[in-house]
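Biologist: I'm new to this one. Can you walk me through it while I look?

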Amino acid sequence: MDDLRQWPDPVVPVQSLSDGGLTCIPEKYVKPPSDRPSLEANFDPGLTMPVVDLRGIYDGSVDSRAAMVAIWDACKEWGFFQVINHGVRQDLVEEMKGVWREFFRRPSDEKQGYANSPATYEGYGSRVGVEKGAVLDWGDYYFLHLLPRSIESHDRHWPARPSTLRNVTEEYGGEVFKLCGALLRVLSMGLGLDEEYLRRAFGGDGTAACVRVNLYPKCPQPELTLGLSPHSDPGGLTVLLADDHVEGLQVRKDGAWLTVRPVPGAFIVNVGDQIEVICFQSPTTVFACMTYVIIKQESTKTLGTKLEPRPPMLLRFLRNVADTLFAILNVISNGIYKSVDHRVIASSKDERLSIAFFYNPGGDVAIGPARELLTPQLPPLYPCITFNEYRLYVRKRGPSGKSQMKSLKLY
Ligand SMILES: O=C(O)CCC(=O)C(=O)O
Ligand SMILES: [Fe+2]
């Protein structure tokens, strides 16, 4: 059993490395060549993530049907979209960014007083997963539970300074929570389900929410590392407030990594694993997922033993075939909302701040494919397990490094 009370190696905040004025990044942040980002040609102007105006959904002042269709399509094709006129006050958004920037500027000793452990991740941290000697990401974060009240982070996990941080974060969390409720109604309707379906499936009043504030300090060698490794979000829906000035988020689209250009004042929304689990599984998707998992597992097993009886190039080729097959067949099946891999690249120019709000099922709520969407001929693709079990399984795998992060999805 992994010891979840402490990290396997001493944790050094990336901020302290960056402030120290390094010209080279330490070895343990250097990714293997196949995982390194290409810093050019990763923005395709012909392929931009949909931006949806939510005005009509709130007040009926414009036709909301077009916005709903845009959201349904985006969830199937991208797993991501941006929203404008989202109902969260802009001054609150600015305050939220302000208090967290201020926190990260506090003295290092003060921040270390909130250092987190892998048991709950609450507090100030810099790594994910407890695998000893793992290649690390170039980023620090602060993680807090907001809801339900019964698991809201204890007072000791909340930074005392700046003094307005807690109030602002809770108010912001409350507003974004409402936005997620509205979005879940739209997503339920897109599946032909009753509009409260997904909200109920997530546990109604027991629905959970947490926030992860990410700080990616300036990096002297962004071509060798990543701010955040590829992963899909394990929960329900994520609402990301991205930095106004520094880009960094990349989304996997048809096998390529595309850099997202955040629209000013917008949130970036993405579908998490639990929504994909609930969605309808068409036979084509089942076939695609099975093929994908089998090839992927085989190649991981072989790589995992370090025997490498086959040359790594062949394995990489097989993985690419699996990824491509998965992408193509998913497009053909066109029937589900997808939880899509994303990652963050580091920047040599400036630090980047992002605030991810996670709307998750209650920990004890069992999530499985919607029965209403299954027929006897259509077996469910995913097992029905509680979100806590899912998280435990995820955590046991130790999310670090690309292949492990990618294998976190429970098929
Ligand atoms: O910083 C970003 O743009 C993405 C953050 C993210 O994916 C996460 O916190 O799960
Ligand atoms: Fe994420």
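Biologist: Which residues of H4 are buried?
Modeller: Met96, Val99, Trp100 and Phe103 are the buried residues of H4. Keep in mind that this is a predicted model.

Biologist: Where do they sit when you look down the helix axis?
Modeller: They fall within an arc of 90 degrees, so the buried residues of H4 line one face of the helix.

Biologist: What do the buried residues of H4 pack against?
Modeller: Their partners are H6, S5, S12 and strand S7, which covers 237-241.

Biologist: How far does H4 reach, end to end?
Modeller: Helix H4 runs over residues 90-105, 16 residues in total, and spans 23 Å from its first C-alpha to its last. That's close to the 22 Å expected at 1.5 Å a residue.

Biologist: OK, on to the core. Which residues touch the most other members?
Modeller: In the largest nonpolar core, with its 81 residues, those are Phe81, Leu187, Leu237, Val239 and Phe357. Helix H6 (residues 165-190) gives the most to this core, nine residues.

Biologist: Take leucine 237. What is it in contact with, leaving aside neighbours within four places in sequence?
Modeller: With that exclusion, leucine 237 contacts Cys180, Leu183, Leu184, Val269, Val271, Gly272, Ile275 and Tyr359.

Biologist: New topic: ligand 1. What surrounds it?
Modeller: The shell is made up of Arg212, Asn214, Leu228, Asp233, Leu240, Ala242, Gly248, Leu249, His342, Val344, Ser354 and Ala356. Strands S5 (208-216), S11 (342-344) and S12 (352-360) are the elements giving two or more residues to that shell.

Biologist: How do those shell residues divide into nonpolar, polar and charged?
Modeller: Six are nonpolar, four polar and two charged.

Biologist: One more residue. Where is arginine 36 found?
Modeller: Arginine 36 is in the loop between helix H1 (14-19) and strand S1 (51-53).

Biologist: Why does arginine 36 count as partly exposed?
Modeller: Because it has 16 C-beta neighbours inside 10 Å, and partly exposed means falling between the 12 or fewer of an exposed residue and the 20 or more of a buried one. Setting aside neighbours within four places in sequence, arginine 36 is in contact with Lys31, Glu223 and Leu224.

Biologist: Zooming out, how many helices and strands does the protein chain have?
Modeller: It has 12 helices and 14 strands, and 39% of its 411 residues are buried.

Terms used
Residues are numbered from 1 along each chain as its sequence is written. Chains are lettered from A and ligands numbered from 1 in the order in which they are written. This is a predicted model: local features need pLDDT of at least 70, side-chain atom pairs count only at pLDDT 80 or more; totals for chains, interfaces and linings use all residues. Helices (H or I, at least four residues) and strands (E, at least two) are DSSP runs, numbered from the N terminus. A residue is near a molecule or strand if its C-beta atom, placed from the backbone, lies within 6 Å of it. Ala, Val, Leu, Ile, Met, Phe, Trp, Tyr, Cys and Pro count as nonpolar, Asp, Glu, Lys and Arg as charged, and the others, Gly among them, as polar. A nonpolar core is a set of buried Ala, Val, Leu, Ile, Met, Phe, Trp, Tyr and Cys residues joined through C-beta atoms within 7 Å. Two residues are in contact if their C-beta atoms, placed from the backbone, lie within 7 Å. The expected span of a helix is 1.5 Å times one less than its number of residues. The arc is that of the directions from the helix axis to the C-beta atoms.
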